[in-house]
Amino acid sequence: MNKKRLQIMVGLVVGFITVITTIGISPTPVSAQAYPAPDVFTNSANCFRNIIQSGDLYCLVRYELPTFTTATPPPATPEAWCKELVNTDGCIADPVEPTQETSLVTNAAFITLYKDCSAPPTDCSTGDIQSQVRMPRINHSIGGVYISDASTITWGDTSVNACVESSDLLFSVQSSDCLVVAWNTAEDNQTDQRDQLGRTLLDELRNVEANRNLPFNSYVANSYLSTGARVLALEALSVMDQIIPAYFQAASETALIVPYATPVGSLALQVSIDATAAATDIPAAFVDLGDTVAGVSGGAMATVFFGILASLFFFWVYSRTGDYVLPAAGFITVGMIGIWTRGPTVSVVAVAAVVMSMIAAMFILRKISA
């Protein structure tokens, strides 16, 4: 009986991981195209500093990867960047509205931050690349470049450009559009920089809303970001709702208005993890996965993912040992791994550890009384 139960649990784990990998994390193979890249447009580029940790730099970029070129839709076949999607549903409709804007083939387009750009706005290829990230989606949208240590960039340097550009390997002719970044004038402290980021984000998403011809208040209502805007914001920076929660209609924020005697400021470990996670593609993969599978945020999707793995591990160990102590330890261990993908936060795992400790204490006291 135990052997059969073990086989079922192992099968569930393997199956779940396979589905997750297939849907949201595995990259789409890129093959070279014998035609020029479609046009790209960089509409704005605003930079901020010290938003997660001291010395970091984040540049928010509003861009357009056009979905069609025909003057009067619908086109006969997918055009422009719609042609580069894995799923082209909606690309020959009237109006052209691709249903899977995020299914752009891997490494087809990038947002690149250059220093010492010599030939803007069309070419910064001779400049010094400071950071480069994959484009999250086509159409009018926002993206962002985060650098945890920006010591090589001087604040206010007019040679720094943000470029939206196509792959130089995928297309026969590369397209590029660059813009000198705007250095905000807010005070050089985390509170003011985050507040400026929030206000700028609202303005940029209002522009995206207008450029997409969406109904008023689709993305910004009463100076708060809607659920749809939240998806775009987290694509631009995976921890956006964590650092400026007051600008979201629904986000994590301190529930107590008057705090008790607790340390003031952000948890140092969480800040370090946020900075590390923001520099990888893993949180963005969970954002895409959450949007595709369940319409939830990347953090929620990562929490569910590692919660399921931890629960499966818990029940498997319990089926082998018959007590709660070792399974509880395994549950917390798997949750600890999830912390590094911006899934469950340090606080969530700490609370879970307390709860599991209470269960373990009850188990021990029961044995003592027996």
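Contact here means heavy atoms within 4.5 Å. These close-ups show a predicted model, where local features need pLDDT of at least 70, side-chain atom pairs count only at pLDDT 80 or more, and totals for chains, interfaces and linings use all residues. Residues are numbered from 1 along each chain as its sequence is written, and side-chain values use heavy atoms, with hydrogens and water left out.

View 1. S166 sits in strand β6 (residues 161–166); helices (H or I, at least four residues) and strands (E, at least two) are DSSP runs, numbered from the N terminus. Is S166 buried or exposed? With a relative accessible area of 1%, S166 counts as buried (buried is under 20% relative accessible area, exposed over 50%, partly exposed in between, using a 1.4 Å probe and protein chains only). Skip residues up to four places away in sequence, and S166 touches A37, W81, A108, A109, F171, Q174 and S175. Its side chain also gets to the backbone nitrogen of S175, at 2.8 Å.

**View 2. R49 and the residues it meets.** Look for R49 in strand β1 (residues 41–49). Neighbours within four places in sequence aside, R49 is in contact with D56, W155, D188 and Q193.

**View 3. Helix α2 from end to end.** Spanning residues 190–211, α2 has 22 residues and runs 31 Å from first C-alpha to last, close to the expected 32 Å (that's 1.5 Å times one less than the number of residues). At its start, a side-chain oxygen of N189 comes to within 3.3 Å of the backbone nitrogen of T191. The buried residues of α2 include Q193, L197, L201 and L205. After α2 comes N213, with a positive phi near 60 degrees.

**View 4. Helix α3, mostly tucked away.** Seven of the 10 residues of α3 (residues 227–236) are buried, so the helix is largely enclosed by the rest of the structure. Those seven are A229, R230, L232, A233, L234, E235 and A236.

**View 5. Helices α7 and α8 crossing.** The axes of α7 (residues 298–321) and α8 (residues 325–339) come within 8 Å and cross at roughly 160 degrees (axes are lines fitted to C-alpha atoms, for helices over the stretch in contact, and angles run from 0 to 180 degrees between N-to-C directions). That makes α7 roughly antiparallel to α8, a label for angles over 145 degrees. Residues making the contact include F306, F313 and Y318 of α7, along with F331 and V334 of α8.

Methods
Polar contact = N/O pair within 3.5 Å; in protein donor to acceptor, adjacent residues only side chain to side chain. Parallel < 35°, antiparallel > 145°, perpendicular 65-115°, else oblique.
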